[in-house]
Every structure is written in C-alpha cells, then in structure tokens.
Amino acid sequence: MTTTEINLLATPLGFVQGVLGLGCYPWAQKILCGLDTPGKMAVRAANGVGKTSRIGAPAAIWNAAVHPGSLTLCSAGVYRQVGELIHAIHDHRGKFPAWEFLTDEIRTPQKSRILGFTADKPELFEGFHSPHLLIVLDECKAVPDSIYAAALRCQPERLMLLSSPGPCSGFFYDAFH
C-alpha cells in the first residue's frame, strides 16, 4: 500500500469507504469530509436515511482507530437511541478483532474508548477530556440545552449533532438559524 493510500484511509471518508466498506450518498460524503477538520457540525436529515449507521457510528469508529488514546462519547436524549448507535458500531466488530466490544463501551489496544450513555443532569456529562474527544449527539433535538452546554464544557475537538428536524427552539435549531 502506498503512502497516498494510507493517508486516504486516515481521512473519515476514506476510512468509511476503504476500511468499513460502506457506500455513501453524496450528502453523507460531504459530512464525512467535513469531519476531517476539528470543530462542530450539525446534520439535519429525515428519519431512516442513515444518520446513525452511516455517519454517527462510522465517525466514532474512525476517531477510535485513527487517534490512539482518543475518547468518543455517543449520547442521545433517550437510551434507546444510544443503543441503536452502539449497535451500529458493533456491526463492524469483525473488522476489529483486537478491540473489546462491551455493552456500552468499546476499547482498543491503542487505549481509545467509545462510550455510549444518556445523561439527564448536566453534571453527569461533565468531566470527560481527551486531546481527540469526539462527541456524537444523536437525535439531539431531544437533548436538553443544559446537556449540550455540559458537552461543550468538555471542550471536544469535534462535536457532531445528528437529528431529524424538531421544534423551532433549542441548540439544534439554533445551529441552522
């Protein structure tokens, strides 16, 4: 494998296509390319288009694989949605035989971790830190503003907001207006 091919696989889109073997719609390709740069991104899309399985879960796996010692937090307003996100990550377990896949946590030999949880109080979301912290808030229209504020206090390198459209108020609405 050439250096160029290795560098391509280190990008979120290259990783999703080359390592995870997932095809991507053009809109999802743009989102994954945007993940290559640290910062905040918000994705508003209809139910059933693959926000969880084609964007959130692959982003979590990419962060854990490419950034040794990284931490990825996967959260949502309800545990059922977190469970779907963690399940979508577990769907790729055969590609990472050295990783430890637990119910709500995935650990890599390079000391990266992916944690899935819900928090109903802001103080339960605080205290997570890592130079390569990715926070994925799935169906975040149901995540209270106070939890979002607590997530920001963790100072994530990357913050991914995924949701179908919701009410005309709150942090997710504000991301687009």
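This report describes the sheet, a helix and several side-chain contacts of a predicted model.

## Basis of the description

Because the model is predicted, local features need pLDDT of at least 70 and side-chain atom pairs count only at pLDDT 80 or more, while totals for chains, interfaces and linings use all residues. Residues are numbered from 1 along each chain as its sequence is written, and side-chain values use heavy atoms, with hydrogens and water left out.

Helices (H or I, at least four residues) and strands (E, at least two) are DSSP runs, numbered from the N terminus. A residue is called buried under 20% relative accessible area, exposed over 50%, and partly exposed in between (1.4 Å probe, protein chains only).

## The sheet

Strands of a sheet pair through backbone hydrogen bonds, either parallel or antiparallel. Two strands are taken to pair if DSSP finds at least two bridges between them. Seven strands form an open sheet with mixed pairing, in the order S1-S7-S6-S2-S5-S4-S3. Its edge strands are S1 (39-44) and S3 (100-101), each of which pairs on one side only. S3 is joined to strand S4 (residues 105-107) by two bridges in the antiparallel sense, and Glu-100 stands opposite Arg-107 in S4.

## Strand S6 and its neighbours

Strand S6 covers residues 133-138, and six of its six residues are buried. Leu-133, Ile-135 and Leu-137 lie on one side, and Leu-134, Val-136 and Asp-138 on the other; both faces are covered. S6 pairs in the parallel sense with strand S2 (residues 71-76) over six bridges, where Cys-74 stands opposite Val-136. S6 also runs parallel to strand S7 (residues 158-163), with five bridges between them; here Ile-135 stands opposite Leu-159.

Together with helix H6 (residues 145-153), S6 and S7 make a right-handed β-α-β unit. Right-handed means that, with the strands pointing away from the viewer, the path from the first strand over the helix to the second runs clockwise. Strand S7 also contains Arg-158, which counts as buried because its relative accessibility is 4%. The side chains of Arg-158 and Glu-157 are joined by a polar contact of 2.9 Å. Such a contact is a pair of N or O atoms within 3.5 Å; within protein, one must be able to donate a hydrogen and the other to accept it, and residues adjacent in sequence count only if both atoms are side-chain atoms.

## Helix H4

Helix H4 has 16 residues (residues 51-66) and should span 22 Å at 1.5 Å a residue; its end C-alpha atoms are 21 Å apart, which agrees. The expected span is 1.5 Å times one less than the number of residues. Twelve of the 16 residues of H4 are buried, so the helix is largely enclosed by the rest of the structure. Among these buried residues are Ile-55, Pro-58 and Trp-62.

## Aromatic rings

Rings of Phe, Tyr and Trp (its six-membered ring) pair if their centres lie within 6.5 Å; planes under 30 degrees apart count as stacked, over 60 as edge-to-face and the rest as tilted. The structure holds nine aromatic pairs. One of them, Tyr-25 with Trp-27, is stacked, at 6.4 Å centre to centre and 10° between the planes. Tyr-25 counts as exposed because its relative accessibility is 53%, whereas Trp-27 is partly exposed at 32%. Phe-125 and Phe-128 form an edge-to-face pair, at 6.4 Å centre to centre and 75° between the planes, and both residues are buried.
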